[in-house]
Amino acid sequence: MAQSAHNPVGQQQKIIVPNKHGEKLVGLLHETGSEEIVILCHGFRSTKETTTITNLAIALENEGISAFRFDFAGNGESEGTFQYGNYRREADDLHAVIQHFSGANRAASTILGHSKGGDVVLLYASKYHGIRTVVNVSGRYDLKRGMEERLGKDFVETIKKEGYLDVKNKTGDVSYRVTEESLMDRLSTDMHEACLQIDKECRVLTVHGSADETIPVEDALEFSKIIPNHKLHVIEGADHCYTSHQAELVSVVLDFIKAALQQDKATSN
């Protein structure tokens, strides 16, 4: 029995989409019967179940807009091995998801990503050009920054010498391995160059917290300088995960997506 769109539990269907490497990507579709679907992308070492991604999916569903949140390969329930870097490969995973829905005559009109997922949706828009609306929540502009905090001071020397670096958790177990190849993958991903390739017709919203402790709010200002059709919204006092600012984040994102969908309907009529 279908539950109404206003039921916060909603009706979530598990959907499996193979990526171009044959790995099964696992996602949950919040189905409202709307023609368009918003695709939600998680961040680094994260999953489709994080508070931010789940809250956004439920809020969209409550507005009658279908949402699909999924795990990138090597994360969450999806197949594959976790790899550091991997930005362009995750953009290809997103492409597989969008192709899946367009094959079922559903328009993935909007893509949203949090943190690393923000970079992935921008990279996607720079490469594939079919998307009309992009929401970048706390993405990183300069990918050369932010590594020392996770990998330690001499990470480049270690990786060049050993060929890899194991990142350990608090109990001393290996969380993940950074290879030289994956480090180079990250360092060669140029967000500035990518953003210049985004179509002028593609509208982009960047949301960032002024108190983000992981990625400085300055990164959001850099995006706003170079993306042609761009709106910037800084949430005062919000941290990287919007711990105390979920309601404000949801409201800003929903207003932007709803206005974009209305504009698209008006121009297609």
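At what angle do helix α2 and helix α3 pack, and how far apart are their axes? Before answering, I note that this is a predicted model, in which local features need pLDDT of at least 70 and side-chain atom pairs count only at pLDDT 80 or more, while totals for chains, interfaces and linings use all residues. I also note that residues are numbered from 1 along each chain as its sequence is written, and that side-chain values use heavy atoms, with hydrogens and water left out.

**Entry on α2 and α3.** I find that α2 (residues 87–103) and α3 (residues 116–128) pack at about 70°, with their axes 9 Å apart; helices here are DSSP runs of H or I with at least four residues, and strands are runs of E with at least two, numbered from the N terminus. Axes are lines fitted to C-alpha atoms, for helices over the stretch in contact, and angles run from 0 to 180 degrees between N-to-C directions. The two helices are therefore roughly perpendicular to each other, a term that covers 65 to 115 degrees, whereas under 35 counts as roughly parallel, over 145 as roughly antiparallel and the rest as oblique.

**Entry on α5 and α6.** I see that the axes of α5 (residues 155–162) and α6 (residues 180–187) come within 9 Å and cross at roughly 135°, which makes α5 oblique to α6. In this contact (heavy atoms within 4.5 Å), F155, I159 and K160 of α5 meet E180, L183 and M184 of α6.

**Entry on the sheet.** I trace an open sheet of eight strands with mixed pairing, in the order β1-β2-β4-β3-β5-β6-β9-β10, where two strands pair if DSSP finds at least two bridges between them. Because β1 and β10 (230–235) stand at the edges with a single partner strand each, one side of each is left without a neighbour in the sheet. The twist averages 20° from one strand to the next.

**Entry on two strand pairs.** I record that β1 (residues 12–18) and β2 (residues 24–30) pair in the antiparallel sense over seven bridges, with I16 opposite V26 in β2. Their hairpin has five residues between the strands, and G22 takes a positive phi near 80° there. By contrast, β3 (residues 36–41) and β5 (residues 107–114) pair in the parallel sense over five bridges, and E36 has A107 of β5 as its bridge partner.

**Entry on helix over sheet.** Finally, I find α3 lying across β3, β5, β6 (133–137) and β9 (203–209), running at about 140° to β5.
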